[in-house]
Amino acid sequence: MRIIDEANRCLQCKNPMCQQGCPVGTPIPQVIALFRENRLMDAGKLLFDHNPMSLVCSLVCDHMAQCAGHCVLGRKGTPVHFFEIETFISDAYLDRMVVQKPPFNGKTVAVIGSGPAGMTAAILLAKEGYSVTIFEEENRIGGMLQYGIPDFRLPKSILERYKARLIEMGIRIRPHVVMGGDLMIDNPQRDGYACVFIATGVWRPSTLGIQGETLSNVHFGISYLASPGTYSVGETVAVIGMGNVAMDVARTAFRHGARRVMLFQRGSKSPASSHEMESARLDGAEFYFGKSIQRITPEGPVFRASVLNEAGRPVRVAGEEELVRADTTIIAINQRPKDKLVKTTNGLQASERGLLIVDAHNMTTREGVFAAGDVVHGSLTVAHAVRDARNAVEGMMRYMQG
Ligand SMILES: Cc1cc2nc3c(=O)[nH]c(=O)nc-3n(C[C@H](O)[C@H](O)[C@H](O)COP(=O)(O)OP(=O)(O)OC[C@H]3O[C@@H](n4cnc5c(N)ncnc54)[C@H](O)[C@@H]3O)c2cc1C
Ligand code: SF4
């Protein structure tokens, strides 16, 4: 009933601001109109064809910064919570969709990485008759959806359902294959693949470059999130960083035995979404701003106060050192791409930050090799990875059609 009420509140704007706020440009008024006409599967198809990751996005997007945050009803009251309608529709559609396989068009594509960018490209290409093989380093598909975003925000069963659909679409998956290690980019090109698509994300944690990072009580945030059950973090956890990954680390630590979790930020602002920060606060996380990490000891991290400029950014440190006692310190400041592919592929160029350089059609500096998602833009969002992958698919199809 709540979802029907939400759908009925939509004003069906001629110039839908919600659609403009969505990174993928989801045709929100059309979806809601179909839903109101009881055409659930048509609404689901429209969503899936536009954004195969619709169900995931509806659960993990920063809605107040994107679709809901742009709804005109939100200016004076409560915006339409389209994402809840989207969850309902896309959840039903993912299981009930009828997969129609078009005839093979004679071209094969190698997709490296099974995160949202890789899955989106694979699905969109398979729908056009391309034969697609995904090469994935890990044993499970999903990328950061599987190994980063915690289960309490995104149930992993959703990814198993996606896997079943991918297989039904004729997409082949080769797990445990490291491209740039076990196989090289040259190999699929040698074996007749018409295009290679790199969607390998950002999996190398940024380090602080300070003393103590190798101590046994220090871990990296994304490594911890990949398998929190294998770590013993103790009762008191200090998290260095205050972005979305740090929020997930804090909330996960509480669910794995921590009683006190403190997060530290050098400046005066958190880069995390307000929703994620509030959720962490509700779980009991404590936030400390203006703290510059100096080193990490077996007893915990050591800080000095940051001196901030008018924008709240740290310009230098001042005052005495302060030890914060913690059983474990988790560094969650940022991620970069691993450099295996760039190091092993002639002509594949990356920026200073290790991000792959692409043209307007997402082709890399290597002929016939395309890239999209976090490996191109750095850590962004699922919706941005989908948008980027869609652009790459258009580029690849133009390329393959000559
Ligand atoms: C903890 C955390 C929480 C997040 N929360 C949100 C959120 O709430 N909302 C949101 O929108 N976004 C969130 N994000 C960001 C989002 O998950 C990413 O932007 C998105 O997953 C990027 O997709 P991708 O396909 O580019 O890369 P990834 O999801 O990183 O997938 C890359 C895939 O490539 C594989 N791979 C890497 N190298 C190789 C290789 N050499 N050979 C073969 N395979 C390889 C990896 O194993 C992985 O499966 C979060 C990220 C993290 C880390
Ligand atoms: S994809 Fe994300 S931003 Fe776009 S409509 Fe769905 S939930 Fe909103």
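Reply: Helices here are DSSP runs of H or I with at least four residues, numbered from the N terminus. The model is a predicted one. With that numbering, the shell around ligand 1 receives at least two residues from each of H8 (116–127), H9 (144–147), H12 (221–226), H13 (244–255), H15 (340–344), H16 (374–377) and H17 (382–400).

Me: How many residues surround ligand 1, and which are the closest?

Reply: Ligand 1 is surrounded by 42 residues, with Gly113, Gly115, Gly143, Gly201 and Gly373 the closest. By class, 23 are nonpolar, 13 polar and six charged. Domain 2 (108–204 + 336–400) and domain 3 (207–333) each contribute at least three residues to this shell.

Me: Which residues come nearest to ligand 2?

Reply: Cys22, Cys57, Cys61, Gln66 and Cys67 come nearest, out of 15 residues around ligand 2. Two elements give two or more residues to this shell, helix H5 (54–60) and helix H7 (82–96). H7 provides the largest share, three residues. The classes are nine nonpolar, five polar and one charged.

Me: Which residues have the most contacts inside the largest nonpolar core?

Reply: They are Val111, Ala121, Ala122, Phe197, Ile198 and Ala199, in a core of 82 residues. Domain 1 (2–96) and domain 2 (108–204 + 336–400) each supply at least three residues to this core. Another core, of 32 residues, lies apart from it and includes Ile222, Ala280, Ile293 and Ile331.

Me: What is Ala199 in contact with, leaving aside neighbours within four places in sequence?

Reply: Its contacts include Val111, Ile112, Ala121, Ala371, Val375 and Ala389, and also the glycines Gly113, Gly115, Gly118 and Gly373.

Definitions and conventions:
Residues are numbered from 1 along each chain as its sequence is written. Chains are lettered from A and ligands numbered from 1 in the order in which they are written. This is a predicted model: local features need pLDDT of at least 70, side-chain atom pairs count only at pLDDT 80 or more; totals for chains, interfaces and linings use all residues. A nonpolar core is a set of buried Ala, Val, Leu, Ile, Met, Phe, Trp, Tyr and Cys residues joined through C-beta atoms within 7 Å. A residue is buried if 20 or more other C-beta atoms lie within 10 Å of its own, exposed if 12 or fewer, and partly exposed in between; C-beta atoms are placed from the backbone. Domain bounds come from an automatic or database domain assignment. Two residues are in contact if their C-beta atoms, placed from the backbone, lie within 7 Å. A residue is near a molecule or strand if its C-beta atom, placed from the backbone, lies within 6 Å of it. Ala, Val, Leu, Ile, Met, Phe, Trp, Tyr, Cys and Pro count as nonpolar, Asp, Glu, Lys and Arg as charged, and the others, Gly among them, as polar.
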